[in-house]
Amino acid sequence: MFGARFTRWRQGLSGDIKDVKTEVLASQGKERAMICIGITCDSETITDSRGYPAPRYFLSSAYSDAIRQAGGIPVLITPGKPSEVAEILSKLNGVVISGG
C-alpha cells in the first residue's frame, strides 16, 4: 500500500554499517542487504489508570507492515534533539514521514 512511493532512498551506506549488515545476513544464509527505513511517529500524554500522566509514542501499524512487506526493516523515529535525529537519519536507508 505505502511501499517505495513514500520512501526516499539514500545512496549507499557507510562502510562499517554495510559490512556489519552483510556479515549478519551471511550468517543467516541470506544474500540481500538489509534496508532500514525510518518512520516518524507521534507522541501524546494520556492519563493512566492511577491518574498519572503517561507519555507515549504511537504509529499506525500500516506503515511498518508496508515496509516489512516490501522487504525492509521499520525503525521508529521518535521526536528528539536535532543532533539525535541527525545521527539516526545517517544510519537509515530511507525515511517515511507519517501522517496526512
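A: Happy to! Let's start with Glu87, which is partly exposed because its relative accessible area is 44%, between the 20% and 50% cut-offs. Please keep in mind that this is a predicted model. The side chain of Glu87 joins that of Lys91 in a salt bridge, with 2.7 Å from N to O. Lys91 is also partly exposed, at a relative accessible area of 40%.

Side chains of opposite charge can pair when their charged atoms come close. A search of the whole structure turns up 3 salt bridges, and the Lys91 and Glu87 pair is one of them.

Another of these salt bridges is formed by the side chains of Arg56 and Glu44, with an N to O distance of 2.4 Å. This pair links distant parts of the chain: Arg56 sits in strand S4, residues 53–58, while Glu44 belongs to strand S3, residues 42–47, and the two are 12 residues apart.

Now for the buried side. In soluble globular proteins, nonpolar side chains tend to be buried together. In this model, the largest nonpolar core has 5 residues: Ile37, Ile39, Tyr63, Ile67 and Val96. Strand S2 and helix H2 (61–69) are the elements that contribute two or more residues to this core.

Both of those elements hold another buried residue that is worth a look. Strand S2, residues 35–40, includes Cys36, which is buried because its relative accessible area is 12%, under the 20% cut-off. Cys36 and Val75 are 39 residues apart in sequence, yet their C-alpha atoms are 6.7 Å apart in space. In helix H2 you will find Ser64, buried with a relative accessible area of 14%. Setting aside its neighbours within four places in sequence, Ser64 is in contact with Ile39 and Pro74. Ile39 brings us back to the core, as it is one of the 5 residues there.

Conventions: Residues numbered from 1 in each chain as written. Predicted model: local features only at pLDDT ≥ 70, side-chain atom pairs only at ≥ 80, totals over all residues. Heavy atoms only, no water. Salt bridge = Lys/Arg side-chain N within 4 Å of Asp/Glu carboxyl O. Helix = DSSP H or I, 4+ residues; strand = E, 2+ residues; numbered from the N terminus. Buried < 20%, exposed > 50% of the residue type's maximum accessible area, 1.4 Å probe, protein only. Core = buried A, V, L, I, M, F, W, Y, C linked by side-chain atoms within 4.5 Å. Contact = heavy atoms within 4.5 Å.
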